[in-house]
Amino acid sequence: MRRKQMDIPGSMALKQQARPTLAEVKTWEATVGVPQAASALGCSKSHLYDLINRGEAPVKTLSFGRRHVVITQSLVTLLESA
């Protein structure tokens, strides 16, 4: 039996992205963008950007002007400790 999908207007629909596994994160490039890192952490990209801007991010980041990237090894270390 299939579940009935609710008809939600596009602006209200939430994007359901599958959270990557630790094994998948370990295969990522040396650095990843904030949206990709946020998906692994299970938080929104805006929340992670806020943490980065306040200097409170739980992962190591590199900043290039206004652009930020997350160091994947730092992300792996955090996820392994959880």
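A: Start with the whole chain. This is a predicted model, so confidence comes along with the geometry. The mean pLDDT of the chain is 86. Of its residues, 79% reach 70 or more. Residues 1-14 stay under 50 in pLDDT. For that stretch the model has one contact beyond four places in sequence. The elements are another matter: confidence is lowest in E2, at a mean of 96, and highest in E1, at 98.

The chain has four helices and three strands. From the N terminus on, they run α-β-α-α-β-β-α. Among contacts with a separation of 6 or more, 42% are between residues 24 or more positions apart. Of the 82 residues, 26% count as buried. The chain exposes about 6,600 Å². Carbon and sulfur atoms supply 52% of that area.

Now the sheet. The three strands form an open sheet in the order E1-E3-E2, with antiparallel pairing. E1 and strand E2 (61-64) are the edge strands, each pairing on one side only. From one strand to the next, the twist averages 35°. Strands of a sheet pair through backbone hydrogen bonds, either parallel or antiparallel.

Take E1 and E3. Three bridges join these antiparallel strands. Thr31 stands opposite Ile71 in E3. Val32 stands opposite Val70 in E3.

Then E2 and E3. Four bridges join this antiparallel pair. The bridge partner of Thr61 is Val70 in E3. Phe64 has Arg67 in E3 as its bridge partner. So which residue faces both Val32 and Thr61? Val70 in E3 stands opposite Val32 and is the bridge partner of Thr61. The hairpin of E2 and E3 has two residues between the strands. There, Gly65 takes a positive phi near 70°.

Next, the helices against the sheet. H4 lies across E1 and E3 and runs at about 50° to E3. The buried residues of helix H4 (residues 72-81) are Thr72, Ser74, Leu75 and Val76. Their cover includes helix H1 (22-25), strand E1 (31-33), helix H2 (34-41) and strand E3 (67-71).

Thr72 deserves a stop. This residue is found in helix H4. Is Thr72 buried or exposed? Thr72 is buried, because its relative accessible area is 5% and the cut-off for buried is under 20%. Leaving aside neighbours within four places in sequence, Thr72 is in contact with Val25, Trp28, Glu29, Ala30, Thr31 and Val32. Two of these, Thr31 and Val32, also stand opposite residues of E3.

Not counting residues up to four places away in sequence, Trp28 touches Pro20, Gln36, Ser39, Ala40, Thr72 and Leu75. Among them, Ser39 and Ala40 are buried residues of H2. Thr72 and Leu75 are buried residues of H4.

Six of the eight residues of H2 are buried, so the helix is largely enclosed by the rest of the structure. They are Val34, Ala37, Ala38, Ser39, Ala40 and Leu41. What covers them includes H1, E1, H3, E3 and H4. Just after H2, Gly42 takes a positive phi of about 80°.

Several names now come together.

Terms used: Residues are numbered from 1 along each chain as its sequence is written. This is a predicted model: local features need pLDDT of at least 70, side-chain atom pairs count only at pLDDT 80 or more; totals for chains, interfaces and linings use all residues. Side-chain values use heavy atoms; hydrogens and water are left out. Buried means under 20% relative accessible area, exposed over 50%, partly exposed in between (1.4 Å probe, protein chains only). Contact means heavy atoms within 4.5 Å. Two strands pair if DSSP finds at least two bridges between them. Axes are lines fitted to C-alpha atoms, for helices over the stretch in contact, and angles run from 0 to 180 degrees between N-to-C directions. Accessible areas come from the Shrake-Rupley method with a 1.4 Å probe; for residues, only the protein chains shown count as cover. pLDDT is the predictor's confidence in each residue, from 0 to 100.
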